[in-house]
Every structure is written in structure tokens, then in C-alpha cells.
Amino acid sequence: MADDIEDVSFLPGENLNRKSVYEPSVKQRCKQLVCSKGRATAIVVFCAVFILIIAIIAAFARSGSSSCGKLNTVLATPTPNITKEDIYATNGDIFPWQDIRLPDTVEPISYDVFLDPDMKALKFSGTVKIKAKIKATTSLIVLHTKNLTLTTVLVKPITLTGPTRTGIEIIIKFNANIVSKLAGFYLSSYKTKSGEIRHIGTTQFQPTGARQAFPCFDEPGLKATFKMSIVRDKKHIALFNMPLNKTEDYKNGRVVDRFQESVKMSTYLVAFVVCDYKSKKGKTKSGVDVAVYAAEDQIDQVDFALKVAITVLEYYDDLYKIKYPLPKLDLIAIPDFSAGAMENWGLVTYRESAVLYHPGESSDSDKQWVAVVIAHELAHQWFGNLVTPKWWDDTWLNEGFASYVEYLGTDKVDPTLKMVNISVQFQKSCFVSLFSFL
Ligand SMILES: [Zn+2]
């Protein structure tokens with residue numbers, strides 16, 4: 001080490017730097033970090049003052065804005081003066097609601113969704129029945145829909161049990177195309193070893209994709225229960241957040257899978273898949289059924305993911321002292337996927353590289369990556385899914401916690417990876433890389 005360098009930043013090892021897998025450019029920036037103690041002290045003081053000023057500005061801005069106060073009180077108020085720049089309905093009329101947040105007058109209680117996807121014609125049709133409570137007198141019911149053709153819209157008064165007895169049932173029939181858009185209910189596909197193209201109908205709803213699959217109150221704070229029925233060909237399987245309840249005959253030699261009703265959850269965590277995958281299955285000590293789904297040609301690469309999922313789920317049960325709330329957990333490899341993975345409650349979807357591990361062919365860093373991503377998504381089964389921010393500006397809470405707990409979960413799977421030590425190095429490298437931008 002040369003004498004004129006007083007201090008050198010310490011960085012995680014090449015193969016074990018998780019951030020380098022996410023963002024190689026950050027690793028390259030980190031590699032260049034070398035600075036003196038005096039300069040580092042000055043930078044720390046400068047950063048502290050800078051962050052304090054930003055925090056004060058943010059605190060005043062939040063207290064004065066309506067959006068933060070809405071989280072625990074009321075949602076939105078309509079804009080009183082509608083101008084030509086405002087939102088228009090599809091029929092050309094000015095839309096009667098102008099706020100980005102839904103009005104706080106109608107609250108969904110339960111969804112009953114029936115979906116009939118045609119994986120040959122790449123279209124789907126469906127019906128959603130939403131039971132909702134009326135919280136305040138209104139002549140307006142506003143909910144979300146995108147890229148769906150609505151063919152029937154009915155609203156019926158109903159009587160609810162409990163203190164708020166006034167309710168409605170909204171019944172909407174709709175249809176749409178299944179296209180490769182990586183959001184909503186979309187088309188993915190893979191090629192078999194013999195060269196045949198097979199279609200998969202899958203979902204990605206976070207943040208606002210649910211409204212592209214069925215009309216809904218598509219805000220994270222508006223939790224409700226979900227019942228799902230999916231029509232499929234006999235050669236396919238259908239998966240949902242919850243286990244299958246029963247399968248019945250349907251028209252034209254097809255069948256309909258009816259799934260158990262979910263716990264109360266946000267729309268962005270709903271998921272369903274129609275495909276011809278195979279699975280390998282196991283069970284946790286507390287009796288949760290765990291399965292990993294992949295194409296038949298890749299099913300020999302799911303054993304490590306199954307072991308990680310069972311180990312981590314059992315560990316989080318003990319760590320949080322709250323039992324995983326669903327009866328099953330499925331992990332599924334999706335060929336066309338926009339993110340690394342998505343924590344849909346009970347049906348976690350993964351990019352293939354984040355869940356498949358081929359012993360003898362995949363590298364050690366591939367193996368570590370699979371463990372880290374699974375541990376991250378399973379952390380969300382509690383942080384994000386069980387406890388959910390009411391609005392997207394607080395998502396950093398569940399992302400931050402899951403990004404920490406993933407190291408603990410991965411450490412449980414394989415202590416030789418020393419992930420907790422890497423976590424400390426990772427925090428240090430990020431802190432030091434902040435300096436490099438100043
Ligand atoms: Zn996350």
C-alpha cells in the first residue's frame with residue numbers, strides 16, 4: 001500500500017457484491033473510491049448538514065400538502081373548477097372525478113372474479129362482482145379500468161352485515177386481448193427443446209396493472225378479499241394466490257378452476273397464471289405447501305429454489321413470531337418478466353434467472369442470486385403483503401426492510417456465504433459511494 005494514501009474504502013468481494021449484480025455501474029463507481037480521512041470528515045459534515053436541510057424542507061412540505069394527511073384521514077377532494085386540461089371520459093365528456101386518488105365514499109369489501117382466457121385466440125373475457133360499502137352519501141362510484149372493453153355495468157343496492165349496513169354490488173362484464181406488455185394479464189411464451197412455442201398467460205399488477213385485468217379499486221390501501229375462477233383447457237393448469245377449491249366442467253370440453261377465497265389484500269398483490277408447467281413440491285414444519293413451477297424442460301433446476309423457500313419461510317415464521325398467513329406458497333419462473341421478481345401473496349413470480357439453478361452449470365453467484373431474491377420476496381409476504389402502505393410514497397418502508405432481511409434469510413440457507421457480513425460491507429460501500437457523487 002502506498003504511503004501517501006491514509007485510508008482506503010473497503011468494498012465487498014467481486015462475487016459476493018449483491019449490488020454489483022443489480023447495478024454493475026455502481027460497482028464500477030465504487031472501485032474508484034479512495035480518499036483521505038480529513039476529506040472524508042469534511043464530506044460527512046457536509047452530508048449531515050445537507051440531509052438535515054432536506055429533512056426540514058420535506059417535513060414542512062408534507063405537513064402543508066394534502067397528500068400526506070390523506071393517508072390516515074380522508075382521501076381526495078374533487079377539483080372545483082373543471083377546465084379543458086382536465087380528464088376526459090372515453091365518450092368525450094369531462095370525467096366527473098379529477099383527483100388521482102379515488103373518492104373516500106365507496107370501499108370494496110370483496111371481489112368475485114370469473115376469467116375465461118383463450119390462449120389460442122389470445123383474448124380473455126370476464127365478469128367481476130364487487131361488494132362495497134358506502135361510507136358517505138354519493139351519486140358517484142369511481143373505480144379503475146385500463147385497456148378493457150366493458151360490455152355490461154350494473155350497480156345493485158345490497159344489505160351488509162355489521163355497523164355499516166348500506167352497500168352495493170357492482171357487476172361488470174369485460175373483455176380484452178392478451179398481449180406481450182409485461183403488465184396486467186399478459187402473454188409470455190417459451191420454446192420447448194423440440195422447438196415448439198408454448199404460451200403462458202401471467203400477471204404483473206404492481207403498481208397499477210390490476211385494472212388491466214379486471215375493473216377494481218386499484219389503490220394499495222383499499223384491501224378486500226378475492227375469489228377467483230379461471231377457465232382453462234385440460235392440458236393447462238391455472239394458479240392463483242390461494243389453493244384450488246374445486247374443478248368443474250365448462251363449455252367445449254374445457255374446465256373451470258375455482259379457488260379458495262383470499263385473505264384481505266391489496267389489488268397489486270393479486271396474481272394468476274395459466275400455463276402447462278410442471279412443479280416440485282414440499283411442506284414447511286408448520287404445514288404450508290410450497291411448490292416451484294417451471295417448464296418441463298427446466299423442472300430439474302428448481303430443487304435449490306424449493307429448499308431455499310422452505311428454509312426461509314420456516315425461518316421468518318420464527319423470526320417474526322407471526323405465522324405465514326396463507327395455506328400455500330408457489331414460486332413460478334416466467335420467461336418474459338419486467339422485474340427480477342414480484343411478491344404476489346402466495347404466488348411469487350420470478351424472472352427465470354432468479355429462481356432456476358442448474359448444479360454443475362450455474363455459477364456460485366447465480367446460486368447466491370437465487371437465494372437472495374427468494375429471501376427478499378418472502379420477506380415481503382409479511383412486509384408489504386400483511387402490512388401494506390396505504391399509498392406508494394411509503395413503499396420504501398417494505399422495500400427497505402425486505403432489502404435488509406434478505407441477508408438474514410440467505411444466511412440461514414447457507415451460512416458459508418456470510419451474507420450478514422456482506423450486508424455490513426454493502427451498507428458501507430453505499431455510504432461511501434454517496435460521497436463520490438459530491
Ligand atoms: Zn422488494
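Helix α6 has 17 residues and spans 25 Å from its first C-alpha to its last, close to the 24 Å expected at 1.5 Å a residue; the expected span is 1.5 Å times one less than the number of residues. Of the 17 residues of α6, 13 are buried, so α6 is largely enclosed by the rest of the structure. Buried means under 20% relative accessible area with a 1.4 Å probe, protein chains only.

The model is predicted: local features need pLDDT of at least 70 and side-chain atom pairs count only at pLDDT 80 or more, while totals for chains, interfaces and linings use all residues. Residues are numbered from 1 along each chain as its sequence is written, and side-chain values use heavy atoms, leaving out hydrogens and water.

The chain has eight helices and 16 strands, which are DSSP runs (helices H or I, at least four residues; strands E, at least two) numbered from the N terminus. Of its 438 residues, 47% count as buried.

α6 packs against α5 at about 40°, with the axes 9 Å apart.

By class, the contact of α5 with α6 has 14 nonpolar, no polar and one charged residues. Ala, Val, Leu, Ile, Met, Phe, Trp, Tyr, Cys and Pro count as nonpolar, Asp, Glu, Lys and Arg as charged, and the others, Gly among them, as polar.

Methods. Axes are lines fitted to C-alpha atoms, for helices over the stretch in contact, and angles run from 0 to 180 degrees between N-to-C directions. Buried means under 20% relative accessible area, exposed over 50%, partly exposed in between (1.4 Å probe, protein chains only).
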